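Work through the exercises below with the sequence and the model open. Try each task before reading its solution.

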Amino acid sequence: MNTAVCDRAYEAGPARPFLTLPGFHPGFGTTLKLEALNPSGSIKVKTAREMLTAAERQGLLRAGDALIESTSGNLGIALAMICAAKGYRITLVTDPNTQAQSVRHMRALGAEVVVVDRRDANGGYLQTRIDLIRERLRTTPGLVWLNQYRNPANARAHRRDTMAEILEGFGVPDWLFVGVGSSGTLMGCLGAVREHRLPTRVVAVDAQGSITFGGEGASRHLPGLGSSRRPELFHDDGTFEKVRVSERDTVRTCRRVALRYGLLTGASTGTALHAVTLLGDRVEPGGRVLVIAPDSGERYLDTVYDDDWVARTLGAGALADRAPRPRGRAGAPLRGEALHG
């Protein structure tokens with residue numbers, strides 16, 4: 001595909017739908033920004049496109065070059081799509097938590113997919129993935145690593161595109177809930193909030209067991225959010241809220257939304273929605289709450305929405321639709337961990 005045509009094809013602009021969940025919280029409206037309607041099926045097409053075009057502008061990538069990147073699924077699919085269209089070879093390094101469907105998707109687009117299976121010192125796989133990438137870089141001359149965890153183009157894509165879509169299609173949110181993986185979406189949105197001096201309160205949402213907000217790591221089973229190694233992009237200056245959510249509450253929230261609204265949300269979206277219930281008492285009545293929904297639930301049919309997987313991995317208690325409905329501003333806090341500052 002001609003490079004200019006490819007760049008236009010993967011522009012992020014057209015996919016801007018917003019969906020409100022009536023009554024998700026009784027005191028205010030809760031709206032999802034549905035990123036699953038982007039060409040790759042997730043918000044990561046913006047990250048992939050910006051990192052690739054930045055590398056091209058800097059002369060780091062030329063026709064026929066080979067790339068390597070670490071991914072939990074969505075970025076890998078987005079990169080594989082664009083690399084196929086532009087003629088780049090790509091190796092994607094992932095781990096057993098990545099959905100099998102996502103691995104098949106990446107391979108179908110021509111990517112080499114390497115699945116590491118050794119946990120790192122913090123109970124995850126990220127450092128193991130990065131160690132493999134560094135070994136490949138050492139032994140493969142000319143191989144390019146875009147490195148989503150420290151690449152400023154990752155955050156720039158969301159500072160420019162994601163927040164522009166929010167302001168144009170939704171307006172200024174009172175509260176914005178953003179899941180944290182590589183932290184590019186979070187840091188980009190924060191940058192735009194500061195640049196435009198918006199009154200928006202930003203909430204960073206992570207999985208329990210992740211070390212991004214500090215503390216000890218623990219094993220996790222769902223891809224997308226969380227890290228066993230703090231991304232270099234992440235900078236905590238105390239201007240945003242931080243919430244950790246257990247995987248059990250993530251699964252239960254996803255399933256409750258599916259049964260109540262007929263909408264399959266991905267794990268990251270379920271995690272962020274549970275954070276809304278945790279902080280709901282702090283949102284002013286009638287406030288405008290926006291949750292970035294990075295992908296859809298179709299990629300989680302073998303995990304989040306599979307009874308056997310949930311019972312085997314998280315326990316039978318995660319199966320029931322027991323995620324409590326918010327009790328209003330005077331209700332008791334729900335399960336989870338809210339961190340301040």
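**Exercise 1. What is the strand order of the open sheet of 4 strands, and which strands are at its edges?**

Step 1. The order is 5-4-3-6, with parallel pairing. Strands pair if DSSP finds at least two bridges between them. Strands (E, at least two residues) and helices (H or I, at least four) are DSSP runs, numbered from the N terminus.

Step 2. Strand 5 (112-115) and strand 6 (144-145) are the edge strands; each pairs on one side only.

Step 3. Strand 4 (residues 89-94) runs parallel to strand 5, and 4 bridges join the two. Leu 92 is found opposite Val 113 of strand 5.

Step 4. Helix 3 (residues 74-86) packs on this sheet and touches strand 3 (66-70) and strand 4. Contact here means heavy atoms within 4.5 Å. The directions of helix 3 and strand 4 make an angle of about 175°. Axes are lines fitted to C-alpha atoms, for helices over the stretch in contact, and angles run from 0 to 180 degrees between N-to-C directions.

A note on the source: this is a predicted model, in which local features need pLDDT of at least 70 and side-chain atom pairs pLDDT 80 or more, while totals for chains, interfaces and linings use all residues. Residues are numbered from 1 along each chain as its sequence is written, and side-chain values use heavy atoms, without hydrogens and water.

**Exercise 2. How many cavities of 30 Å³ or more are there, and what lines the largest cavity?**

Step 1. Set the rule. On a 1 Å grid over the protein atoms alone, a cavity is a set of points where a 1.4 Å probe fits but cannot get out; a pocket is an open set with protein on both sides within 12 Å along at least five of seven lines; lining residues have an atom within 4 Å of a point. Points are joined across faces, edges and corners, and a volume is the space filled by probe spheres set on them.

Step 2. The count is 4 cavities of 30 Å³ or more. The largest cavity holds about 590 Å³.

Step 3. Its lining has 43 residues; Ser 72, Gly 181, Pro 223, Gly 224 and Leu 225 are closest to the centre. Helix 3, helix 5 (126-139), strand 7 (175-179) and helix 7 (184-195) each give two or more residues.

**Exercise 3. Which element gives the most to the lining of the second largest cavity?**

Step 1. This cavity has a volume of about 70 Å³. Its lining includes Leu 222, Pro 223, Leu 225 and Glu 247.

Step 2. Helix 8 (247-261) and helix 9 (267-279) each give two or more residues. Helix 9 gives the most, with 3 residues.

**Exercise 4. Which residues lie nearest the centre of the largest pocket?**

Step 1. The pocket has a volume of about 150 Å³.

Step 2. Of its 15 lining residues, Thr 98, Gln 99, Ala 100, Thr 303 and Trp 309 lie nearest the centre. Helix 4 (100-108) and helix 10 (307-314) each supply at least two of the lining residues.
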